[in-house]
Amino acid sequence: MESLQRLSLHFSEISMFPFFDMAHYLCSVLSLREQPGTMEVALRSPIACWFSSMLCCFGGGILSSLMLAEPPAAFLTNTTNIFLASACWYLIFYYPRNIFYKCCSFLPLRLMLAGMKEVTRTWKIVNGVLHANSRFSNAWIIMIAIGWAKGAGGGLISNFEQLVRGVWKPESNELLKMSYPVKVTLIGAVLFTLQQTQHLPVSRHSLMFMYSTFLVVTKITMMLTHSTTSPFAPFEAVLGRMLFGLEQTSASIKGEACTSLNGSHQAVKPLVRESSDSSATSDAIESEISTVTRERRSKKAD
Amino acid sequence: MESLQRLSLHFSEISMFPFFDMAHYLCSVLSLREQPGTMEVALRSPIACWFSSMLCCFGGGILSSLMLAEPPAAFLTNTTNIFLASACWYLIFYYPRNIFYKCCSFLPLRLMLAGMKEVTRTWKIVNGVLHANSRFSNAWIIMIAIGWAKGAGGGLISNFEQLVRGVWKPESNELLKMSYPVKVTLIGAVLFTLQQTQHLPVSRHSLMFMYSTFLVVTKITMMLTHSTTSPFAPFEAVLGRMLFGLEQTSASIKGEACTSLNGSHQAVKPLVRESSDSSATSDAIESEISTVTRERRSKKAD
Amino acid sequence: MESLQRLSLHFSEISMFPFFDMAHYLCSVLSLREQPGTMEVALRSPIACWFSSMLCCFGGGILSSLMLAEPPAAFLTNTTNIFLASACWYLIFYYPRNIFYKCCSFLPLRLMLAGMKEVTRTWKIVNGVLHANSRFSNAWIIMIAIGWAKGAGGGLISNFEQLVRGVWKPESNELLKMSYPVKVTLIGAVLFTLQQTQHLPVSRHSLMFMYSTFLVVTKITMMLTHSTTSPFAPFEAVLGRMLFGLEQTSASIKGEACTSLNGSHQAVKPLVRESSDSSATSDAIESEISTVTRERRSKKAD
């Protein structure tokens with residue numbers, strides 16, 4: 001136990017620069033390159049591609065700066081990191097014969113990079129929470145918001161990052177349909193804020209160690225099993241049902257969920273929303289909406 | 001007269017927190033819920049729905065912060081107000097059997113809430129004008145702009161609020177087609193700026209009282225008569241014709257307006273734009289545009 | 001030589017206010033008016049048209065303020081300049097019989113205005129570089145960025161300026177497809193930053209004189225010859241081929257470029273990206289994308 005304490009303390013003193021930062025840049029640019037259409041943009045306009053890559057690499061800092069009215073262009077003052085990120089961008093997009101991209105896509109290397117990137121996420125969340133605390137002491141909502149923005153900035157601003165590349169998908173964003181990294185960053189921001197406001201009886205370095213381990217393990221497991229389902233899905237379903245009266249969307253699960261809901265509706269009645277008229281209304285609305293959406297989609301697919 | 005003075009002074013000392021603020025939150029969330037598609041978003045992603053509601057409730061503060069380079073996330077530091085707004089959001093969207101929503105939609109209550117919301121508008125405009133004045137003394141354009149932004153922020157940022165819910169309507173915004181609340185807030189911002197720069201020989205509390213009364217009375221009249229035409233329409237028509245050579249858009253009124261224009265064109269000739277060639281050009285442009293617009297709309301309607 | 005020095009020194013002391021500023025406002029509003037659909041917006045909503053014009057006139061200041069977290073609304077404090085720009089806007093859009101617009105469109109006058117506008121560009125770039133240097137000393141990337149933003153702001157924010165008018169074209173922006181003014185401003189920002197960091201052995205006023213002369217001469221030549229090809233096209237082609245392995249897009253030139261590429265691939269091999277497999281991949285991606293784009297465009301054209 002003593003040695004675990006010492007290990008987590010040493011772990012929390014690791015410097016992110018240069019190796020972990022580089023892994024973060026490589027992963028960000030790799031996932032950017034794998035998005036459809038990006039290679040065409042890279043060939044048509046290197047500057048748009050570079051700017052898009054920088055938004056992926058430094059999105060967290062830019063978003064949290066915007067939220068705190070600090071210069072969002074300040075990330076450009078860190079010349080060394082800009083060079084590092086630009087080198088990653090250049091090598092991945094333009095290295096002859098795509099050799100560099102293929103090397104990075106080699107599974108064991110990719111796993112290592114992804115793991116290291118997840119470690120930088122912990123550091124960013126902690127920095128965000130501490131920075132918000134230094135600006136607005138004990139305003140815990142803003143601590144969560146800035147920690148989240150710093151840790152998952154690239155995802156949260158993805159609509160505008162896509163706009164740089166000429167892609168505009170207003171019908172989806174990371175708030176409407178949260179991806180797993182954005183979700184887990186939000187949970188992390190809540191945990192580190194609770195730790196900072198002393199509602200969590202654990203030292204910061206221990207929490208950093210545990211949270212990073214969790215991030216790395218789940219990330220690597222998800223990559224190896226090609227799984228896209230969030231490990232939080234069951235908790236979300238329970239929480240959604242309890243707080244918002246949500247039923248699971250999958251049709252097959254729906255029946256089952258309804259049954260269990262009917263079985264337990266005496267206990268959780270005040271919070272469950274399953275009355276006949278309200279659900280009738282919302283069903284009508286939903287069906288109307290889904291018709292519109294389907295039509296819009298079918299038009300797109302034409 | 002003396003007693004009216006004292007009444008308006010007492011009125012200007014009313015605290016907005018908690019009842020008027022709550023009425024504002026309830027009205028904002030109610031009108032959000034009544035927009036098509038919102039209920040589906042609420043069931044699909046409570047976080048997007050919550051963020052959208054917060055943008056409706058605190059839009060004015062966020063927009064004016066952005067314009068003055070103050071932290072736009074600062075509204076999150078006011079934990080009590082965030083809780084109040086979140087409670088309104090939760091009760092309106094997720095209360096079982098929609099009971100809370102139905103209660104609030106009960107006409108007399110709704111009228112009271114709408115009236116109280118209009119009172120908060122006056123307070124916000126005054127705060128915006130005073131705040132801008134404290135930052136940039138005697139810059140009256142910025143005082144109008146910040147007063148307007150603070151009072152009608154939710155409307156002015158509605159394009160981006162919709163984006164959070166996955167809706168994107170670039171063809172319309174509050175500057176292109178101003179709604180009545182946005183217009184009346186602009187007029188209020190001009191009045192309070194004139195008062196502040198001592199061009200209006202009236203005390204601030206009297207102006208607040210008169211402006212609030214006007215807001216409440218027109219709002220309630222419009223709600224009771226289901227009227228959507230702005231009370232300023234005649235003034236706008238005259239002003240538009242005098243300054244910009246605009247003719248009223250409604251086809252039936254158009255002929256009449258043209259006649260009166262022709263009758264008076266000797267007097268206002270330097271300002272009226274009704275020459276044969278220019279109107280021919282603009283007519284050609286307009287008809288071209290309207291064809292395109294009509295086609296686009298008919299495509300949408302398909 | 002001595003006299004040229006003195007001339008450039010006097011030139012660098014010219015005040016932009018009021019004549020050069022006015023020329024900038026006139027040119028900006030003229031080019032706004034010439035965009036399709038603007039005249040309809042001007043007749044429908046003068047406020048949206050005015051705001052759009054202000055974004056064109058003061059775009060550089062607004063964008064650089066946003067990047068440095070300075071109040072973006074601060075441009076409204078300069079009442080005189082706002083009045084000047086508003087007068088230009090009013091006269092160009094609403095003067096009876098379009099007389100003012102026709103006067104300004106008279107070629108010799110238009111050439112003079114365009115030349116004067118280009119001079120203001122130099123001043124803006126220099127101000128941007130100096131201002132960034134005073135905020136972040138010796139951060140040369142940010143100096144380039146702010147100089148660029150200040151000099152070409154109206155172009156860089158054109159997507160959002162169009163949004164005010166109800167136009168949304170996400171598929172194109174100034175980073176994806178840079179126009180000549182935006183390109184030449186970027187080069188200017190690089191030059192003045194190099195001068196500021198003392199990597200360019202030339203005095204600032206000489207550089208201002210030379211750069212302005214270049215801007216004015218190329219601008220007027222381009223206007224007289226109705227040329228839209230950038231004078232940098234050959235350099236860009238060489239640079240693009242050397243750094244990014246880009247081939248010229250025009251089909252007719254493509255074959256030629258490929259030949260020259262094959263002929264010289266021994267020399268520049270490490271930087272050229274012309275392997276069989278990588279180009280096969282990117283070709284596949286490109287063709288896939290172009291199919292999608294074509295479909296989308298053909299739908300639009302319907």
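A salt bridge here is a side-chain nitrogen of Lys or Arg within 4 Å of a carboxyl oxygen of Asp or Glu. The side chains of Arg165(A) and Glu161(A) meet that test, with N and O 2.7 Å apart. The model is predicted. Chain A is helical in its elements, with 14 helices and zero strands. Chains B and C are related by a rotation of 120 degrees.

**Chain A in outline**

- Chain A has 302 residues, and buried residues make up 49% of them.
- Reading from the N terminus, the elements run α-α-α-α-α-α-α-α-α-α-α-α-α-α.
- Take the contacts in chain A with a separation of 6 or more: residues 24 or more positions apart account for 72% of them.

**Spans annotated as transmembrane**

- An unreviewed UniProt entry places the feature "transmembrane region" at residues 47–69 and 75–95 of chain A.
- Residues 47–69 of chain A are 96% helix and 0% strand. The end C-alpha atoms of that span are 26 Å apart.
- Residues 75–95 of chain A are 76% helix and 0% strand. Here the end C-alpha atoms lie 26 Å apart.

**Nonpolar cores**

- The largest nonpolar core has 231 residues.
- Phe58(A) is in contact with Tyr25(A), Phe75(A), Asn81(A), Ile82(A) and Ala85(A), leaving aside neighbours within four places in sequence.

**Leu163(A)**

- Leu163(A) sits in helix α9 of chain A, which covers residues 158–164.
- Leu163(A) has 6% relative accessibility, so it counts as buried. The cut-off for buried is under 20%.
- Beyond neighbours within four places in sequence, Leu163(A) contacts Trp168(A) in chain A. In chain C, Leu163(A) contacts Asn159(C), Phe160(C), Trp168(C), Pro170(C) and Asn173(C).
- Leu163(A) and Ser206(A) are 43 residues apart in sequence. Their C-alpha atoms are 40 Å apart in space.

**How chains B and C are related**

- A rotation of 120 degrees, with 0.0 Å of shift along its axis, superposes chain C on chain B. The RMSD is 0.0 Å.
- That is the relation of a three-fold axis.
- The copies use different surfaces: 8% of the contact residues of chain C recur in chain B.
- Of the residues of chain C, Ala69(C) comes closest to the rotation axis, with its C-alpha at 3.2 Å.

**Where chains B and C meet**

- The contact takes 39 residues from chain C and 38 residues from chain B.
- Together, chain C and chain B bury about 3,200 Å² between them. Carbon and sulfur atoms carry 70% of that area.
- Between chain C and chain B the count is zero salt bridges.

**Tyr211(C)**

- Tyr211(C) is in helix α11 of chain C, residues 204–225.
- Tyr211(C) has a relative accessible area of 5%, so it is buried.
- Not counting residues up to four places away in sequence, Tyr211(C) touches Thr122(C), Ile125(C), Val184(C), Thr185(C), Gly188(C), Leu191(C) and Phe192(C).
- Tyr211(C) and Phe93(C) are 118 residues apart in sequence and 33 Å apart in space, C-alpha to C-alpha.

**Salt bridges**

- Side chains of opposite charge can pair when their charged atoms come close.
- The whole structure holds 17 salt bridges over all chains.
- In chain A, both Arg165(A) and Glu161(A) are buried.
- In chain C, Arg165(C) forms a salt bridge with Glu161(C), with the closest N and O atoms 2.7 Å apart. Arg165(C) and Glu161(C) are both buried.
- In chain B, the side chains of Glu34(B) and Arg110(B) meet in a salt bridge, 2.9 Å from N to O.
- This pair links distant parts of the chain, 76 residues apart. Glu34(B) is in the loop between α2 (19–33) and α3 (38–44), and Arg110(B) is in helix α7 (residues 107–135) of chain B.
- Glu34(B) has a relative accessible area of 38%, so it is partly exposed. Arg110(B), at 16% relative accessibility, counts as buried.

Definitions and conventions:
Residues numbered from 1 in each chain as written. Chains lettered and ligands numbered in written order. Predicted model: local features only at pLDDT ≥ 70, side-chain atom pairs only at ≥ 80, totals over all residues. Heavy atoms only, no water. UniProt positions renumbered as here; feature names shortened; annotations may be inferred. Helix = DSSP H or I, 4+ residues; strand = E, 2+ residues; numbered from the N terminus. Core = buried A, V, L, I, M, F, W, Y, C linked by side-chain atoms within 4.5 Å. Buried < 20%, exposed > 50% of the residue type's maximum accessible area, 1.4 Å probe, protein only. Contact = heavy atoms within 4.5 Å. Least-squares fit on C-alpha atoms with pLDDT ≥ 70 in both. Buried area = accessible area lost by both parts, 1.4 Å probe.
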